[in-house]
Every structure is written in C-alpha cells, then in structure tokens.
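Please read them with the structure open beside you.

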Amino acid sequence: QVQLVESGGGLVQPGGSLRLSCAASGFTFRIGDMGWYRQAPGKEREWVATISSGGRTNYADSVKGRFTLSRDNAKNTVYLQMDSLKAEDTAVYYCHTTVFRDFWGKGTLVTVSS
C-alpha cells in the first residue's frame, strides 16, 4: 500500500534552515506528482509546494523564493529545503500524493522560534 514517511522537522531559529524528507513506497514513484502541505496551530491545512513527475515545481506565494522542492527518483524521496524560516512557518508539514485517491504522511513538526 502507499506509504509516505516524513522526517527532518525540529526547532530552528528565525532565519535558519531545515530540510524535510518524504520517503515514499507502494507505488511507481517516478510517475507521481508529490506535494507538501502544512497545518499551523488553529488553522486549516494549506498547500505549500508541488513537484511534478517531470520535476516542474510550484510554490505558494508565502514560501516562494525561500523553499525549494526536489525529488530523487532513485531513492523514492522528495526533499523540501526551507531557508530564511519565519515564525509563521511553524506548522506540521505533511507529504502528499494522489494514487486514485489522496494519500498523506503522518507529518513532521517544524517550530521556528528564538
């Protein structure tokens, strides 16, 4: 079955960087679009970024220029490089894909605080 496992979250100071990883299994990774969403405390889940099977990326305006999404098809993994982090980036970050239906990872917590 499809599984998505996020890692790399943690506590970072404003202006710092983190790299999130999402290891995927159970489907043909190289032909799947992959995405990241996040949910801050008390807020709805929001889209962050998507990478297509061909490597084309799209970003939410709130993270454009600071976050970079990439994929390694040999490792069935996507990476979200997050730079110049702000307090408002604090959230649980979820990996997402669609294989006939939506699949989500369990999430990894990112806390940006001094």
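1. Burial overall. Of the 114 residues of the protein, 42% count as buried. Buried means under 20% relative accessible area, exposed means over 50%, and partly exposed is in between, with a 1.4 Å probe and protein chains only.

2. Basis of the notes. This is a predicted model, in which local features need pLDDT of at least 70 and side-chain atom pairs count only at pLDDT 80 or more, while totals for chains, interfaces and linings use all residues. Residues are numbered from 1 along each chain as its sequence is written, and side-chain values use heavy atoms, with hydrogens and water left out.

3. Overall make-up. The protein has 0 helices and 11 strands. Helices (H or I, at least four residues) and strands (E, at least two) are DSSP runs, numbered from the N terminus. Along the sequence the pattern reads β-β-β-β-β-β-β-β-β-β-β.

4. Dimensions. Along the principal axes, the C-alpha atoms occupy a box of roughly 40 × 25 × 20 Å. The radius of gyration is 13 Å, which agrees with the value near 13 Å for a compact globule with 114 residues. The radius of gyration is taken over C-alpha atoms, and the globule rule is 2.2 Å times the number of residues to the power 0.38.

5. Contacts along the chain. Among contacts with a separation of 6 or more, 51% are between residues 24 or more positions apart. A contact means heavy atoms within 4.5 Å.

6. The nonpolar core. Which residues of the largest nonpolar core touch the most other members? They are M34, W36, V78, L80, M82 and Y93, in a core of 30 residues. Two or more residues come from each of strand 3 (18-25), strand 4 (34-39), strand 5 (46-51), strand 7, strand 8 (77-82), strand 9 (91-99) and strand 11 (108-112). Strand 3 gives the most, with 4 residues. A nonpolar core is a set of buried Ala, Val, Leu, Ile, Met, Phe, Trp, Tyr and Cys residues joined through side-chain atoms within 4.5 Å.

7. The disulfide. The structure holds 1 disulfide. It is formed by C22 and C95, with their sulfur atoms 2.1 Å apart. C22 is in strand 3 and C95 is in strand 9, so the pair ties together parts that are 73 residues apart in sequence. The link of C22 and C95 is left-handed, with -85° about the S-S bond. C22 counts as buried because its relative accessibility is 0%, and C95 also counts as buried, at 0%. A disulfide is a covalent bond between the sulfur atoms of two cysteines; here the cut-off is a pair of cysteine sulfur atoms within 2.5 Å.

8. Strand 8 and its partners. Strand 8 is largely enclosed by the rest of the structure, because 5 of its 6 residues are buried. Strand 3 pairs with strand 8 in the antiparallel sense over 6 bridges, and L20 has L80 as its bridge partner in strand 8. Strand 7 and strand 8 also run antiparallel, joined by 6 bridges; there S70 has Y79 as its bridge partner in strand 8. Two strands pair if DSSP finds at least two bridges between them.

9. Two positive phi angles. The hairpin of strand 7 and strand 8 has 4 residues between the strands, and N76 takes a positive phi near 50° there. N76 is not a glycine, and it is partly exposed, with a relative accessible area of 27%. S84, in the loop between strand 8 and strand 9, has a positive phi of about 50° and is not a glycine either. S84 counts as partly exposed, at 41% relative accessibility.

10. Is R66 buried or exposed? R66 counts as buried, because its relative accessibility is 12%. R66 sits in the loop between strand 6 (57-59) and strand 7 (67-72), and its side chain reaches the backbone oxygen of S84 at 2.9 Å. Beyond its neighbours within four places in sequence, R66 is in contact with residues including S84 and D89. D89 is in the loop between strand 8 and strand 9 and counts as buried, at 0% relative accessibility. A polar atom of the D89 side chain lies 2.8 Å from the backbone nitrogen of K86. Not counting residues up to four places away in sequence, D89 touches R38, R66, F67, S84, V110 and V112. A polar contact is a pair of N or O atoms within 3.5 Å; within protein, one must be able to donate a hydrogen and the other to accept it, and residues adjacent in sequence count only if both atoms are side-chain atoms.
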